[in-house]
Every structure is written in C-alpha cells, then in structure tokens.
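Hi,

Here is the structure I promised to pass on. Have a look, and then read my notes below.

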Amino acid sequence: MAEVALQDVGKSFGATRAVGGLDLTVGDGEFVVLLGPTGAGKTTTLRLVAGLERADTGRILIDGTDVTALPPAARNVAFVFQQYSLYPHYSVYDNMAFPLRAPGQNLSKDDIDRHVHETAKLLRIEAKLQNRATQLSGGEMQRVAIGRALVRQPTIFLMDEPLSSLDAKLREDLRVELKRIQRDLGATILYVTHDQLEAMTLADRIGVLSQGELVQIDTPRAIYETPRNIYVARRLGSPQINILDAGLLAIAGVPAGAAKIGARPEDVLLRCDGGAAATVRAIEHLGVETLVLLEVGEGLVHALLGGAAPFAVGDRTTIKIRERAAIAFDAQGDRIPPPPDRAREAAYGT
Ligand SMILES: Nc1ncnc2c1ncn2[C@@H]1O[C@H](COP(=O)(O)OP(=O)(O)O)[C@@H](O)[C@H]1O
Ligand SMILES: [Mg+2]
C-alpha cells in the first residue's frame with residue numbers, strides 16, 4: 001500500500017469552487033474518511049486523486065511521486081462508486097476477473113483464478129461466483145464492486161459513499177466487514193460519506209469538509225470531544241448536539257467570551273440538585289435509550305437517557321449539563337478551549 005498526499009489542491013467548475021486549497025495526507029495503511037453534506041466537494045476530491053479530474057492548482061503525490069499530470073491508468077488507484085457499477089450480464093467471477101484481464105496485466109489464468117478466489121473468500125461471496133450480477137442482492141452487488149477493486153491490489157482505495165444505497169442492516173454488516181478487510185490488508189483508504197456514523201466507526205481520522213474546504217481533521221474521538229467550531233460539532237453525534245445560548249443554563253467554568261454552549265444530549269442531566277427548572281415537551285423511545293425534549297426558559301434542550309424515561313409530557317423537572325462536558329463557542333461559532341487546568345483535569349479524568 002501507499003501514502004497519498006494532496007497539497008493545496010483546488011478545482012473549480014466555472015464559477016463553482018468544488019475544492020479549495022485542500023491539504024491532506026492519508027498515511028500508508030490509514031483509513032481516512034471525509035465527511036460532509038452534498039455539494040461539499042467529496043466526489044470531486046476522489047476524482048482528483050484518481051485522475052478523473054485535473055486539478056487547477058496544487059499537487060497530488062502518491063508515495064512521494066508527483067502524479068498530478070498522470071492519467072488514471074498510471075496511478076494504480078481503485079475507485080468504488082456509490083452505485084454498483086457491475087456488468088449485469090457477466091457472472092460474479094467474470095466481474096471480478098475483469099480488471100485482471102485488462103491488457104498489460106499479463107496474468108496467467110491460474111493467477112487470475114487465485115486472485116479472484118482469495119478476494120471472494122475475503123468478502124464472503126465465494127458461493128456466488130457463478131451467479132450473474134443481476135441475481136445478487138444489493139449488498140452482494142456492492143461486495144462484488146468492492147471485490148473488483150480489491151483484486152487489482154491497488155496502492156490506494158478511493159470509496160465514494162459505497163454503502164449509501166444499501167438498507168440500514170446491510171450497511172452495518174458491510175461497515176464491519178470493510179473495517180476488517182482494511183485491517184487485514186493494511187489498505188490505504190480514502191473514503192467519503194455524509195453519514196456521521198460511518199465516519200465515526202470506520203475512520204482512523206475524519207476530515208470534516210465544508211464547501212470544498214477541510215475544516216478539521218483528527219481522530220473521531222478528538223473531533224467529537226473538541227470540535228473546532230459549531231459546524232463540526234453538529235456534523236458528529238446522533239442525536240445532534242444542543243447549541244444553547246450561553247446564558248440559558250448556569251454552567252460552572254464557562255470561559256469569558258462564550259456566546260454559545262454545546263452540550264451533547266448524553267451530557268444533559270435531569271432531576272438533579274441545583275439544576276434549572278425545565279418542562280418535558282416530548283419523549284421519543286429509541287430502544288435502549290430515550291430522547292427527551294425539554295423547555296428551559298426561552299430554550300429547548302434534548303437529553304438522552306439510558307433506559308426508559310420516568311417522565312410524562314408536561315412534567316416538571318430540573319436540568320443541568322454534566323460537569324466539564326460543556327463546549328464553549330464564541331460569537332463566530334469557534335470553539336473556545338477550556339482554561340489549562342480544566343483541560344488537564346479532563347485529560348486525566350479527575
Ligand atoms: N462536472 C461538474 N460540473 C459542474 N459542477 C460540478 C461538477 N462536479 C461537481 N460540481 C459541483 O461542485 C461542487 C462539489 O460537488 P461534489 O464534489 O460532487 O460534492 P459531493 O460529492 O460532496 O456531493 C457542487 O457544487 C457541484 O455542483
Ligand atoms: Mg458525491
């Protein structure tokens with residue numbers, strides 16, 4: 001596998017700047033997920049790395065070699081698209097063997113056979129090798145599409161929302177498998193999605209994209225706990241973080257200059273001593289957890305409780321934010337780091 005580096009890469013389509021000055025390195029064997037809404041520039045970024053688009057500015061390096069001007073075929077990257085792009089009239093076997101039979105590969109029949117069987121085993125689709133692509137379920141088709149990328153043994157995998165057309169259960173299964181395969185192969189993967197759960201579960205590092213720019217890149221945990229601004233805070237976590245006026249709840253240790261306070265629903269405590277008065281406005285049972293919507297003064301706050309909520313709509317209760325869990329933002333929406341002693345305490349868990 002290989003390392004890929006984007007240096008100040010920019011790409012516009014007419015007046016639309018799809019990607020603006022992107023700096024990003026995906027390390028050898030690393031799984032990086034770019035997270036962003038539709039139109040953030042995710043697909044364009046992958047197409048630039050693959051060589052399907054030419055960058056207006058900047059350079060793209062694969063293992064230190066400048067590939068910016070090289071055609072796709074010279075880059076040895078594999079692209080898995082959002083929609084399975086299989087040849088419907090071919091068998092699974094032939095779909096997977098296809099890239100190995102391309103001119104220039106010079107592989108023997110036995111070599112091709114071995115590669116296809118090894119990959120099918122890895123993806124657990126060996127039993128389906130003789131099926132036609134049209135005889136597969138959506139999840140199986142996407143596995144074959146991933147398999148077709150794997151057999152080529154590319155240096156880098158580019159994956160464009162490969163699970164987004166699958167139903168929730170399949171998405172979950174394939175997510176787990178993709179992570180396992182990546183670990184087994186030590187694969188370098190640049191994966192893009194708008195799904196925060198995929199980003200959180202798959203990524204070694206998440207890059208949060210907004211309008212073609214990388215707002216923050218870090219481990220899932222660091223991004224969740226110390227988002228750079230409100231935009232990033234809202235992109236991770238389900239149910240979404242509460243963004244409250246700083247004066248809404250009396251919170252100890254809020255730094256000067258805080259205009260907004262971010263509080264994850266799991267950090268909102270109810271029925272607590274010294275909390276503010278609140279009224280229950282709605283209750284949603286999510287299974288193992290319950291989401292409670294509360295009215296506090298002029299604001300609304302979501303609280304996520306483990307188990308069933310001992311409340312009914314209209315009940316009065318008290319509310320506060322778990323100590324040290326509040327995230328402060330200034331008037332521009334940028335995070336204000338806690339004063340040093342609080343940061344140290346948080347790091348040591350005291
Ligand atoms: N071939 C193209 N021609 C014109 N505009 C494009 C083209 N490809 C992408 N764009 C524009 O660039 C922006 C980023 O698109 P894209 O990379 O597809 O975003 P994402 O994959 O995050 O949804 C969007 O505004 C989109 O409309
Ligand atoms: Mg896209």
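The centres of domain 1 and domain 2, taken over C-alpha atoms, are 37 Å apart. The contact (heavy atoms within 4.5 Å) draws on seven residues of domain 1 and nine residues of domain 2. As for the bounds, domain 1 covers 4–230 and domain 2 covers 240–348; they come from an automatic or database domain assignment.

Before you go further: this is a predicted model, where local features need pLDDT of at least 70 and side-chain atom pairs count only at pLDDT 80 or more, while totals for chains, interfaces and linings use all residues. Residues are numbered from 1 along each chain as its sequence is written, chains are lettered from A and ligands numbered from 1 in the order in which they are written, and side-chain values use heavy atoms, with hydrogens and water left out.

Back to the interface. The two domains bury about 720 Å² between them, 58% of it on carbon and sulfur atoms (buried area is the accessible area, 1.4 Å probe, that two parts lose on being put together, summed over both). Of the area domain 1 buries against domain 2, 67% comes from Tyr224, Pro227 and Ile230, more than from any other three residues.

I get zero salt bridges between domain 1 and domain 2 (side-chain nitrogen of Lys or Arg within 4 Å of a carboxyl oxygen of Asp or Glu).

Now ligand 1. The residues around it include Phe13, Pro37, Gly39, Ala40, Lys42 and Thr43 (a heavy atom within 4 Å). Oxygen atoms of ligand 1 lie 2.7 Å from a polar backbone atom of Gly39 and 3.1 Å from one of Ala40. Thr43 places a polar side-chain atom 2.8 Å from an oxygen atom of ligand 1.

Cheers

Note on methods:
Polar contact = N/O pair within 3.5 Å; in protein donor to acceptor, adjacent residues only side chain to side chain.
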